[in-house]
Amino acid sequence: LFAWLFGPIIIFSQSRNLEIRDSLLEQLKLQIKPEEQFEILTEICNTYVYTSQSDSVFYYSNQMKELAQRLECDSLYGTALAYEGCAFSMTKETDTAISRYFESLSILEKGNYYYRKSFVLKQIAFVFRDLKDYSSSVAYLNKAKIYLPAGILPNRVYTNLADAYIGLMEIDSALIYAQKAHRITNKHEDSYGYCRSLYLLGIIYIHKQFPDLGLTYLNECLKFSRDQQIVPTQITSLSKMAQYELKQQHFAIAKSYALQSVAISKQQMQKSSLLEDYHVLEDIYIKENKKDSFLFYQQLKSQLEQSFEAESFVNNLQQHKINQFLLEQEQTVKNQKAALAYKQKVQYSLILLIIICLLAFIMIFSSTFLANMKVISFMSTLIILSSFEFLSLLFHPILEEITHHSPWQMLMMLSLMAIIFIPAKQKLEEYMHRIFEARIRSAKLKYAQKYMNEMN
């Protein structure tokens, strides 16, 4: 009955996605460079992610890994791991997905792979959003925002930030990011991103008590989603409008929207939307005193709630695993920092020891009759320069912390150090020159006196 009534609405043509995939598969058969082959495999993976075909994502991400290993390229291997993480996320193996994402991130952080890092951080944020951990989701999306490149990725980051802030009930922050997403998105180049921004603006304005404006955005989202045959935003728009109309006691309109949403959600197996729609229909039928329909939807809702309880248990278990993994990651980072600090201390100690040894050598050498002023002058200059560079090395981390890595502030501080160090270096050179010249004269005089005494 649903299919017959709402068939024209729920037809989801993926012909454009299939055309892109077929074109990419044809390109893959050509004789092309391995790097170009990797980019094509990435785009093929994206088409399967869009259609939620996890087996195909696994298959092509493994091909990407093999190609990256053959090329011995860390950035490509990190990208392949991220897509493998996507596949695990699609099969609800959340703990495995998050471990792949963090492994990918640790590789990509070694270089300036801004797009790839932003993509991985966004995927990590998705995992936390699905687990209802909106604070962690916001934290990772804000990190992803730092590396944002051009393209559709900014829209995805901004819309997910808006979504996470709605989850946290920080509606003003959600509005800022929804407006940003809407402003930067071209509806012809990124129709899904455009629909998402319309949907988010709609529910945000309803939250802010501007229902007319909110419904305008939701209706625009629904119309554009139908024109472009984008199913997810059709479902969410219909569901939210059904809930709003129910609150306004417009039962006929609410029922129409809810039934349309149920028809599409069943086709796409969208359990969360189905549960919301069943709740709306259950409320409508009890108020209309239609007991059979009420009992039917109550039974469907109960069955779904039971499956959600099982999923919630699994999600909580995975959340514990993820928290443990994050603690281990944090401890690993601390250990790495401690090891690096120890290594630096050892290196600084060796540099200081070398300077002291050079100074001891020049002191001993200057006390012998073999001492040469040119050699002494060269050695003293070397010691002074090494000492001042050693001081610069010691001060550099402190300067970075004080200036917050600002190039201009760093330049000013280093210039100030140079103003102090250069005159000090000259004075020290003159002082050491006088000291060693006096020591050489004294040593040679003693040697001459000793020689004269021996002659006499």
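**Exercises on a predicted model**

**Exercise 1.** Locate Leu391 in the secondary structure and decide whether Leu391 is buried, partly exposed or exposed.

*Solution.* Step one: the element that holds Leu391 is helix α17, which covers residues 373-403. Step two: the relative accessibility of Leu391 is 31%.

**Exercise 2.** Identify the residues with the most contacts inside the largest nonpolar core, and list the contacts of Leu161 beyond its neighbours within four places in sequence.

*Solution.* Step one: the largest nonpolar core comprises 93 residues, and Val120, Ile124 and Leu161 have the most contacts inside it. Step two: with neighbours within four places in sequence set aside, Leu161 touches Val138, Leu141, Asn142, Lys145 and Tyr177. Step three: another core, of 15 residues, lies apart from the largest one; Ile355, Phe388, Leu399 and Ile440 are among its members.

**Exercise 3.** Determine how many disulfides the model contains, and classify Cys73 and Cys86 by accessibility.

*Solution.* Step one: a disulfide requires two cysteine sulfur atoms within 2.5 Å, and the count under this rule is zero. Step two: for Cys86, the nearest cysteine sulfur belongs to Cys45 and is 8.0 Å away, and Cys86 is in no disulfide. Step three: Cys86 has a relative accessible area of 4% and is therefore buried, whereas Cys73, at 25% relative accessibility, is partly exposed.

Technical notes:
Residues are numbered from 1 along each chain as its sequence is written. This is a predicted model: local features need pLDDT of at least 70, side-chain atom pairs count only at pLDDT 80 or more; totals for chains, interfaces and linings use all residues. Side-chain values use heavy atoms; hydrogens and water are left out. Helices (H or I, at least four residues) and strands (E, at least two) are DSSP runs, numbered from the N terminus. Buried means under 20% relative accessible area, exposed over 50%, partly exposed in between (1.4 Å probe, protein chains only). A nonpolar core is a set of buried Ala, Val, Leu, Ile, Met, Phe, Trp, Tyr and Cys residues joined through side-chain atoms within 4.5 Å. Contact means heavy atoms within 4.5 Å.
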